[in-house]
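Okay, thanks everyone, I'll keep this brief. Let's have the structure up on the screen and walk through it together.

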Amino acid sequence: MHVKWDPQWVAIFVSIAFSLAAFVVSARGLKWQRASAEAAIKSANADEQSAALALLQHQLAEARLAQAETGEPAPPVVEWRLERTGKNRFVLRNVGSDMATGVTIDASQVATINRELPDGAAIRPGGSHSFLMLGTFGAPVPDEIWVTWDGHPEPVALPVPPAP
């Protein structure tokens with residue numbers, strides 16, 4: 001028995017097959033494009049943080065040089081790291097070599113539900129302060145928090161780690 005193919009049905013089948021193949025290729029391309037964009041954003045953020053750290057180190061070196069010349073005490077060395085210890089739990093850690101007093105997170109910049117934000121806290125070198133930030137549908141967890149402490153004239157922005 002010989003099967004005769006209708007050219008119209010063959011054309012329809014071929015066009016559907018090509019459409020499905022094009023859809024699969026474009027979906028994969030979109031996935032790769034998103035991954036590339038995320039990597040570019042992470043790289044830009046890392047570059048920005050690296051530049052800020054280099055500027056801070058330069059300022060500290062200038063302050064130490066000025067202190068050596070004038071005999072004034074050097075400003076305290078306080079550095080911060082924000083860690084995420086759970087879905088909604090965070091730890092602000094002093095990774096510097098001096099004690100920080102008057103440590104405060106600017107609550108006006110945190111539009112989420114929060115508990116136990118440091119407000120005038122004292123954190124020793126290697127010490128930490130644990131707090132809660134819970135994002136809601138209308139107010140997600142912020143991308144950064146602003147920290148101030150005694151002896152530092154400007155607030156410092158710390159990036160908030162992504163959820164696990």
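Predicted model: local features only at pLDDT ≥ 70, side-chain atom pairs only at ≥ 80, totals over all residues.

**Strands, core and a surface patch**

Four strands make up an open sheet, ordered E5-E3-E7-E8, with antiparallel pairing. And what stands at the edges? That would be E5 and strand E8 (156–159); each has a single partner strand, so one side of each has no neighbour in the sheet. On average, neighbouring strands here are turned by 40° against each other, if you ignore direction.

Okay, the inside. The largest nonpolar core has 19 residues, and Trp80, Leu92, Val103, Phe131, Ile145 and Val147 are the ones with the most contacts inside it. Which elements give two or more residues to this core? Strands E1 (80–84), E2 (89–94), E3 (100–105), E5 (119–123), E6 (128–134) and E7 (144–148). E3 gives the most, with three residues.

In soluble globular proteins, nonpolar side chains tend to be buried together. With that in mind, have a look at the surface: Trp5, Val10, Phe13, Val14 and Phe18 form a nonpolar patch there, with about 600 Å² of accessible area together. Take Phe18, which sits in helix H1 (residues 7–70). Buried or exposed? Phe18 counts as exposed, because its relative accessibility is 59% and the cut-off for exposed is over 50%.

Note on methods. Residues numbered from 1 in each chain as written. Heavy atoms only, no water. Patch = residues over 30% accessible without salt bridge, like charges linked within 9 Å, V, L, I, M, F, W, Y side chains within 5 Å. Areas by Shrake-Rupley, 256 points an atom, 1.4 Å probe, with all protein chains shown as cover. Salt bridge = Lys/Arg side-chain N within 4 Å of Asp/Glu carboxyl O. Buried < 20%, exposed > 50% of the residue type's maximum accessible area, 1.4 Å probe, protein only. Core = buried A, V, L, I, M, F, W, Y, C linked by side-chain atoms within 4.5 Å. Pairing = 2+ DSSP bridges. Axes fitted to C-alpha atoms, helices over the stretch in contact; angles between N-to-C directions.
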